[in-house]
Amino acid sequence: MCVSSSSFLTLTPLFPLLRLQVNFVVCQLCALISAFWFRLFLHPSKTSPFIRHVVATVLGLYFALFCFGWYALHFLLQSGLTYGIMILTGVEHMHKYCLVVALSYLSLCQITRVYVFDYGMYSADFTGPMMVITQKITSLAFEIHDGMARKEEHLTAGQKILAIRRMPSLLEYFSYNCNFMGILAGPTCSYNDYIAFIEGKPYRHREQEADKSKTRLGEGEPSPNMEVVRKVATSFFCLLVFLSVCKVFPVERNIEDDFIANTPFYAQVVYLYLSMLTTRPKYYFVWTLADAINNAAGFGFNGYDSNGAPRWDLISNLRILNIELATSFKVFLDNWNIQTVQWLKRVCYERCPYHPTAATFILSAMWHGAYPGYYLTFLTGIVVTLAARAVR
């Protein structure tokens, strides 16, 4: 880990990945090893929450600097700016200010990266982690507002669980935003779940049957090792699939002039589907590996299923089979980037008094970035979702 990231540039001819992607994978593998160490040697039963917060934050910032260089300072600037807003503006309106400032900061970085530096620099760019940090900042602000500014009877059942009753310390705040388990690829999690993990509190399942949970509350948290092995194996299988087939159906061919001019429309549609099918495993690899890293550290336990088997899906970000076998646009979105869907629901859909579906898709487009395709996707997604709902 003392080797600089430039040393890995010599490896890039050996792998069909860009050098930034190589650094990203190396960092995630180091994070996976660090997660096992964190769970075994810095377990809540052996050390204080303060030490766990410090180590998680320092490792996260180190991995960010290793992978993105000094661009990683944006993570600290965005987090520090919004923390100042939380402290200075008070709990009554800070959630609105934090949403505007965090999203504006993210959008400024995305626009600058795309239209000033390099339009094609899509992979492993520094705004990717900023998207997750933006989710965490805004979620935290709304949850503090729910816990400290709103009456209990005005909260939904989900908001009552997530509501925060005290202002986080600066260390807790940066640990939540920049911990090594999620700084590079997420996924987003609730602040209360993260603090419960750091402090070693009993798990708070949310969808468990009452009688089943009572029989399990006395038991210790199960080992995540088998689940981590399964997820790591799944992630690298997806990476192998992606590297094997992505060149068979290159996605760039969809917009080549000769392909459009000489290919019938139905064949273009078929090719579009196949090229997207071969592109998705890249995201399956990233998100499944990120989930495995959190589980290896002991984070993500979600109680037991109806058969008594432990569930490690508290912060899982996708369900691969449900995506590939989706029967509607809604089902696809519900299983793709799950934690982002939950964030959009909690921050926008449940709170917007007018046209919540349209507002949620617009926020999603703004959060995703400056590429026109995002706006085309999510603005047409409004019509598709409403039409599908009416048909059903």
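How many disulfides does a search of the whole structure find? I got zero. I keep in mind that this is a predicted model.

For cysteine 30, the closest cysteine sulfur belongs to cysteine 27, and the gap is 6.4 Å. I count a disulfide only when the sulfur atoms are within 2.5 Å, so this pair is too far for a bond. Cysteine 30 is buried, at 17% relative accessibility. Cysteine 109 is buried too, with a relative accessible area of 7%.

I found one cavity of 30 Å³ or more, and the largest cavity holds about 70 Å³. Among its lining residues I noted Ser139, Glu143, Cys189, Gln339 and Trp343. Which element gives the largest share of that lining? It is α15, with four residues; α5 also supplies at least two. By class I have two nonpolar, five polar and two charged residues in the lining of this cavity.

My last stop was the second largest pocket, with a volume of about 1100 Å³. Its lining takes in 42 residues, and Asp313, Leu314, Arg319, Ile338 and Gln339 lie nearest the centre. Elements that give two or more residues to this lining include α5 (127-148), α10 (225-245) and α12 (265-296). Here α15 gives the most, six residues. I sorted the lining of this pocket into 13 nonpolar, 13 polar and 16 charged residues.

Note on methods: Residues numbered from 1 in each chain as written. Predicted model: local features only at pLDDT ≥ 70, side-chain atom pairs only at ≥ 80, totals over all residues. Heavy atoms only, no water. 1 Å grid on protein atoms, 1.4 Å probe; cavity = no way out; pocket = protein on both sides within 12 Å on 5 of 7 lines; lining within 4 Å. Points joined across faces, edges and corners; volume = space filled by probe spheres on them. Nonpolar A, V, L, I, M, F, W, Y, C, P; charged D, E, K, R; others polar. Buried < 20%, exposed > 50% of the residue type's maximum accessible area, 1.4 Å probe, protein only.
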